[in-house]
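Dear colleague,

I am passing on the structure that you will be looking after from now on. Please open it alongside this message, as the notes below walk through what was found in it.

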Amino acid sequence: GFLNVAVDGFDADAFGIAPTEARSMDPQQRLLLEVATEALDDAGYSRDQLDGATGVFIGINTSDYMQRATASGVAIDPYLATGNTFSVAAGRLSYYLGVQGPAMAIDTACSSSLVALHLAIRSLRSGESDAAIVGGVNLMLSPATTVSLSKINALSPDGRSKPFSASANGYGRGEGCGVVLVKRLSDAIADGDRVWAVVRGSAINQDGRSAGLTVPHGPSQQAVIADALADAELSPDSVSYVEAHGTGTPLGDPIEMNSLAQVLCERGRGGAPLLVGSAKSNLGHLEAAAGIAGLIKVALMS
């Protein structure tokens, strides 16, 4: 699941960053700057066109670069702290774009970038933000996390995620970055924006006391799905496709599928199937960026 690009290849001059500072920046920060710029280009905006009340909400949760830097005994320069702090991953985007809305890095493990979207939606609804840059990033720059996950049997020996398959035996880690620009629909229409998808509603919760720290909890999953439907004012039978978490673990996948069935199929669907998929079968598990990858996938399907 490694990106087929040189993640240390960064055009620092394009972002007004000195080479000495760029060397101390986590490549995740560099990648976020690049992909956010691409997202704005796709939306038809320059960095100077965003309203000051634009929020930045970023899912990020690995610090491999900082660990490697300190372990290798490199000289600590003035840029190492800001280059490797999660909050700066979001704050640097706000600084570069000159926006003053909320800027936050979210670490809720695999749901990080979806929780970032949820918080952005709430910020837009409340009027706190007029637009929001939402994204997630994940790079594997050290073997330590992979080794640790292997020791708890979370990873597939063949390195591939096989969601909802009888041969599922763990997930394959993946790298990536995704960024979207989100606005209130009425504003997007008024501004003549190209709309890729409409987010009708969202919800978040936590498993609470499940069978183990990393074990999913079916009733909690069912509750959050029901809450999201209520927030979107949608009925269960109006959902035709679910982009699932679907990591490919023999423990988590059955719990998730049962939760989907309990909420979305309990009243019957009149013969209409509920289609379920997971981008992890194509990209691997992007961890903090997994949610935004799934969101982009569904937007491109519609």
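Helix H2 (residues 27-43) and helix H5 (residues 86-97) pack with their axes 10 Å apart and at an angle of about 45°, where axes are lines fitted to C-alpha atoms, for helices over the stretch in contact, and angles run from 0 to 180 degrees between N-to-C directions. Helix numbers here count from the N terminus, and the elements are DSSP runs (H or I of at least four residues for helices, E of at least two for strands). The angle makes H2 oblique to H5, because angles under 35 degrees count as roughly parallel, over 145 as roughly antiparallel, 65 to 115 as roughly perpendicular and the rest as oblique. H2 passes H5 in a right-handed crossing, a term that applies if the near helix is turned clockwise from the far one by less than a right angle, with anticlockwise giving left-handed.

Before going further, please note that this is a predicted model, in which local features need pLDDT of at least 70 and side-chain atom pairs count only at pLDDT 80 or more, while totals for chains, interfaces and linings use all residues. Residues are numbered from 1 along each chain as its sequence is written, and side-chain values use heavy atoms, with hydrogens and water left out.

Turning to charged contacts, the count comes to 11 salt bridges, a salt bridge being a side-chain nitrogen of Lys or Arg within 4 Å of a carboxyl oxygen of Asp or Glu. One of them joins Asp231 and Arg122, with the closest N and O atoms 3.8 Å apart. This pair links distant parts of the chain, since Asp231 belongs to helix H9 (residues 218-232) and Arg122 to helix H6 (residues 112-126), 109 residues apart. Asp231 is partly exposed at 24% relative accessibility, and Arg122 is partly exposed at 31%; buried means under 20% relative accessible area, exposed over 50%, and partly exposed in between (1.4 Å probe, protein chains only). Arg122 and Asp231 also belong, with Arg125, to a network of salt bridges.

Another salt bridge brings together the side chains of Arg173 and Glu287, at 2.8 Å from N to O. Arg173 lies in the loop between helix H7 (144-151) and strand S4 (176-183) and Glu287 in the loop between helix H11 (280-283) and helix H12 (290-301), so this pair ties together parts that are 114 residues apart in sequence. Both Arg173 and Glu287 are buried.

Glu243 and Lys297 likewise meet through their side chains in a salt bridge (2.9 Å, N to O). Here Glu243 is in strand S5 (residues 241-243) and Lys297 in helix H12, 54 residues apart.

Finally, there is a nonpolar patch on the surface, formed by Leu185, Ile189, Val195 and Val198, with about 340 Å² of accessible area together. Patches are made of residues with over 30% relative accessible area and no salt bridge, like charges being joined within 9 Å and nonpolar side chains (Val, Leu, Ile, Met, Phe, Trp, Tyr) within 5 Å. Leu185 is in helix H8 (residues 185-190) and is partly exposed at 39% relative accessibility. Val198 lies in the loop between H8 and H9 and is partly exposed, with a relative accessible area of 46%.

Methods. Areas by Shrake-Rupley, 256 points an atom, 1.4 Å probe, with all protein chains shown as cover.
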